[in-house]
Amino acid sequence: MPIAPAQLATSLGALGPLDVERDLAGTLQQVLRSAKTLFDAARVGLMLVDEDGALGWASSSDGMAEVRSGDLTVPVHVGGGPVGTLDVSVTAPRRWDDSEVAALHTYAGLVASLLVAAVTARVTGRLADQLRAALEHRLLIEQAVEILVDREGLDAQGALAWLGAAARSSGCPLIQMARDVVGGAPLPSDRLAQARAQRREATDLEVATHRRDSELHEGAARGYERRGQAGRAQTERLQAAAARGRIIDAEAERRRADSEP
């Protein structure tokens, strides 16, 4: 769903005072809850690179101590390099438009400013320790992202998402995957191709399922028409049209599989 500039401004304006020095964890959760409402999402989560160099849970809108890569993800940059990601998770497939991506980048910028304020104020605690570890690793991660952008034709957001996905699939820390990329390991192209193939296979299956549903509803509609049940026929045709709409969404997702990690 498009997010108008006025909606984003209202969402940010409703946050009120943000005091990371007094309560870093509570302040971050306040921001993530606001983002969750704006995006009408199931959850918005913040992941930071931890002391082992892996992307790990830092905070979430619902307080759950587990956050995985979301349906829409943008990097969080501090000091010129990525230190983590901001992830929006939804319960049903959604086509994200440019205004939603821009709005999430705005929230990621706000989160980054809060993290900088926490470092400046020398805040202590679990989150502060994780942030310091993320800052230590950001230069190497940024180098890996730049290499992937150049070598694989990804944008920075997609490159960071690829690093996280590749690290999880390999069972190694994100920082180790970044180190491999910077060291010239011939991994990105092979794994990227595999990831694209898997996504195409999944969306092909989804398209086939929706096409079958559309055909079944169209057949049912014709049957009701022959029996003079116009109302039932119309209902079936509406369901068939909805299935065709899902085919369009799935085919768009299939096209994205060729350009994203």
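Author: Happy to; what follows starts with the ground rules, goes on to the charged residues, and ends with the rest of the fold.

This is a predicted model, in which local features need pLDDT of at least 70 and side-chain atom pairs count only at pLDDT 80 or more, while totals for chains, interfaces and linings use all residues. Residues are numbered from 1 along each chain as its sequence is written, and side-chain values use heavy atoms, with hydrogens and water left out.

Let me begin with the overall layout. The protein has 8 helices and 4 strands; these elements are DSSP runs numbered from the N terminus, with helices being H or I of at least four residues and strands being E of at least two. Read from the N terminus, their order is α-α-β-β-β-β-α-α-α-α-α-α.

Now to the part you asked about. A salt bridge here is a side-chain nitrogen of Lys or Arg within 4 Å of a carboxyl oxygen of Asp or Glu. As background, side chains of opposite charge can pair when their charged atoms come close. By this rule there are 4 salt bridges.

The side chains of Glu218 and Arg237 form a salt bridge at 2.5 Å, N to O. This pair links distant parts of the chain, since Glu218 sits in helix α7 (residues 188–226) and Arg237 in helix α8, 19 residues apart. Glu218 also meets Arg244 in a salt bridge, at 2.9 Å from N to O. Arg244 lies in helix α8 and Glu218 in helix α7, so this pair ties together parts that are 26 residues apart in sequence. Through salt bridges that share partners, Glu218, Glu225, Arg237 and Arg244 are joined into one network.

How covered are these side chains? The classes are buried for under 20% relative accessible area, exposed for over 50%, and partly exposed in between, with a 1.4 Å probe and protein chains only. Glu218 is buried because its relative accessible area is 17%. Arg237 has 25% and is therefore partly exposed, and Arg244, at 38%, counts as partly exposed too.

Another salt bridge joins the side chains of Arg212 and Asp213, at 3.7 Å from N to O. Arg212 is partly exposed because its relative accessible area is 47%, and Asp213, with 22%, is also partly exposed.

Arg222, Arg226, Arg227 and Arg232 form a positive surface patch. Patches are made of residues with over 30% relative accessible area and no salt bridge, with like charges joined within 9 Å and nonpolar side chains (Val, Leu, Ile, Met, Phe, Trp, Tyr) within 5 Å. Lys and Arg count as positive and Asp and Glu as negative, while His and the chain ends are not counted. Arg232 belongs to helix α8 (residues 230–257), and its relative accessibility of 46% is why Arg232 counts as partly exposed.

Helix α8 also holds Thr235, which is partly exposed because its relative accessibility is 41%. From C-alpha to C-alpha, Thr235 and Ala220 are 9.7 Å apart in space, and they are 15 residues apart in sequence.

Turning to the interior, buried residues make up 41% of the 261 residues in the protein. A nonpolar core is a set of buried Ala, Val, Leu, Ile, Met, Phe, Trp, Tyr and Cys residues joined through side-chain atoms within 4.5 Å. The largest such core has 34 residues, of which Phe39, Leu46, Val76, Leu86 and Val88 touch the most other members. The elements giving two or more residues to this core are α2 (20–39), β1 (43–49), β3 (72–78), β4 (81–89) and α3 (98–120). Of these, α3 gives the most, with 10 residues.

Two further places may interest you. Asp40, in the loop between α2 and β1, has a phi near 50°, a positive value in a residue other than glycine. Asp40 is exposed because its relative accessible area is 55%. Met177, by contrast, lies in helix α6 (residues 174–182) and is buried because its relative accessible area is 1%.

Definitions and conventions:
Accessible areas come from the Shrake-Rupley method with a 1.4 Å probe; for residues, only the protein chains shown count as cover. The place of a charge is taken as NZ of Lys, CZ of Arg, CG of Asp or CD of Glu.
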